[in-house]
Amino acid sequence: MDLTHYPYPSRRHVVLGRRGAVATSQPLAALAGMETLWKGGSAVDAAIAMAACLTVVEPTSNGIGGDLFAIVWDGELHGLNASGKSPLALTPEKLPEGRMPERGWFPVTVPGAVSGWRALHERWGRLPFMEVLAPAIRHAEEGFPVGPETARAWRRAEGVYLPLKAPEFQAFQEVFFPHGRAPRAGEVWRSPLHAKTLREIGESYGESLYGGPLAEALAAFSGATGGLLTLEDLKAHAPEWVKPLATTYKGLTVHELPPNGQGVAVLLALNILEGLDLRPEDPMGYHLQIEAMRLALADTYRFVADPRFMELAPEAFLSKAYAAERRRLIGERALPLALPGLKPEGTVYLAAADGEVMVSLIQSNYQGFGSGILVPGTGIALQNRGLGFALEEGHPNRVGPGKRPFHTIIPGFLTREGKPLGPFGVMGGFMQPQGHVQVVLGLADFGLNPQAALDRPRWQVVPGGEVLLEPGIPQAAALFLKDLGHRVRYEAEYGAFGRGQVILRLEEALCAASDPRAEGLALAL
C-alpha cells in the first residue's frame, strides 16, 4: 500500500473542549502538546513542547537552527520576534557573483527559535523547561515512523541536498539521509544527536546555543568551512517583544506582528476588501480578492525590512484612507503587476489554548531543510533566511551586516470587541498572508466554521503574477478570471496552498481545527 496516496476527498470536523486545545501539522507534535497540558502545563508550555517536537518529527519544515514568531494572549496581546540577524561580516560585496546562494553559509542567519522558546517559557511556563522538551527528546532518541506528507517533502529534498559535495554539507547528509536517501513513509527514523542537543538546550535553558558549548561548536564549524557566522554574532542575539498591529474587518479585529515579517500585507489586503460585497464561489469575488492581495504584496515587498531600516512606519500599512485609494485601482481587468521572484517553502505553525492563555506560534528553517548545513555532533540544521534579503541598491531590505531579513513566517490572532477569539495561521512562504486573508474571509464573510474555513479551496498569487488555483475552485470561476486577463493555472500540489491551524473560543467552548493539506491534528479536552 502507498501511504502517501489518497485519491478521495475526506471531511474533518471541528474538535471541541473546555480546558485546553492544541493544533498543529503533525500528530505526534499535537500529542506532545496535549501531554503537556495533561501534566498541568500552560498553553505556552504546550506550544513549546509542540515546537520542539516539530523540529524532530517534521524536520523538512523547521529545526533548532531556525526562527520563531509568536503572539500570546493573557488578558492582553504580546508579540515576540525571535528572528536572527545576519552575520556582522556579511556585506553585499562578499556575495559570490553578486547573488545570494540558496544553500551554504552565505544565507545563514543567527538561529532564533530556541531563544523564543526560552523567552516564552520565562513569562508563562509552569512546568520545568526540561519536562517541556521531554516528548521531543523521546521521539529523537527512540525514533518515530515518518509521516506521509513529511516523507513526500523529504523525498523531494533528495534532489536538492544530496548533490551538494562541499565539506560543510556532509554532516547534514549523514543525519538526514543516513542511507543516501530520504526515509520513506512509515519508516522509523532516529536522531540521537538531535536528542543530545535538545537535552543540552533544556539543561542550559537555551544558553548553550548563544554563548556555551553549542555556540562554540557552531562558530568553530563556520570558521573552518568558510562561514561568516561568529561567536560574537550568537552572543549578541536577543529576541524582541513587540506590539502587534491590527485592523478591523467586518466585526473581527485581526492582529499581526509588525515587520520584519509580512503580516502587514494581511491587514492592508483586508482594508482594501472592506466594504466590498464578497460571496462564496462568486467569480467576481475571486477577482477582487486576488487584486487586493496583489496590491498589498506589491507594497509589502517594496517597503518591509528590518524596522531600523524601513522608510515607512509599519502603521502606514493600516491607513483606511490609503486602502481606499488602492481599492480604486481595482477594475474589471487584471492589474499588470509583477511580484518579486522570491520562493515560498516549508514552515510549521501551531496553536494552543488553556483557560487563561492562548498562543499563536510559527517557526521555520526556510526552503524546507534550510541551508543544508548541520553542525557536526549536533541536531542543529541551520536556516537560510538570508534569502529574504533584497539585492537592489537602496532597498531598505538590502543585504547587509547585522540585519534581520524580510521574513515570511507570520502568526495571526483574532479578537472581537476586545475579547479574545483565538490564534490562527497558515504556513507556506509567500502563501501565508494570502492564506490568512482567505481564512478571515471564510469566517467573516462566508459564515464558515474554523474547519470549513481551512478546508475551503484556495488561490495563490505567485511571483511573476500568475494565479494558482486549487482544484476545488470551480472551472467557471477559472474561466471568468482568465477572461479578465488573469493568468490562471490549476495546481495539483496541495502543499502549495499552505497548511493552517485555528483555535477559537466560542463562549465556554474551545473550537479547534487542523488543515487537511497536512497530516496534522487538532485535539481538545
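**Aromatic rings in a predicted model**

In this predicted model, ring pairs join Phe-144, Trp-154, Tyr-161, Phe-172, Phe-176, Phe-177, Trp-189 and Phe-369 into a cluster. The search of the whole structure turns up 19 aromatic pairs.

Q: Why is the pair of Trp-124 and Trp-241 called edge-to-face?
A: The planes of Trp-124 and Trp-241 stand at 75 degrees, with the ring centres 5.7 Å apart. Edge-to-face asks for planes over 60 degrees apart, so this pair gets the name.

Q: What makes Trp-124 and Trp-241 a tie between separate parts of the sequence?
A: Trp-124 belongs to helix 3 (residues 113-124) and Trp-241 to strand 7 (residues 240-242), so the pair ties together parts that are 117 residues apart in sequence.

Q: How do you know whether Trp-124 is buried or exposed?
A: Look at its relative accessible area, which is 10%. Buried means under 20%, so Trp-124 is buried. Trp-241 comes out at 35%, so it's partly exposed.

Q: What sits over the ring of Trp-241?
A: That's the charged end of Arg-123, 4.5 Å from the ring centre. The cut-off for distance is within 6 Å.

Q: Why is the pair of Phe-176 and Trp-189 called stacked?
A: Their planes are at 15 degrees and their centres 5.7 Å apart. Stacked needs planes under 30 degrees apart, so the pair is stacked. Phe-176 is in helix 6 (residues 170-176) and Trp-189 in strand 6 (residues 188-189), 13 residues apart.

Definitions and conventions: Residues are numbered from 1 along each chain as its sequence is written. This is a predicted model: local features need pLDDT of at least 70, side-chain atom pairs count only at pLDDT 80 or more; totals for chains, interfaces and linings use all residues. Side-chain values use heavy atoms; hydrogens and water are left out. Rings of Phe, Tyr and Trp (its six-membered ring) pair if their centres lie within 6.5 Å; planes under 30 degrees apart count as stacked, over 60 as edge-to-face and the rest as tilted. Helices (H or I, at least four residues) and strands (E, at least two) are DSSP runs, numbered from the N terminus. Buried means under 20% relative accessible area, exposed over 50%, partly exposed in between (1.4 Å probe, protein chains only). A charge sits over a ring if NZ of Lys or CZ of Arg is within 6 Å of the ring centre and within 35 degrees of the ring normal.
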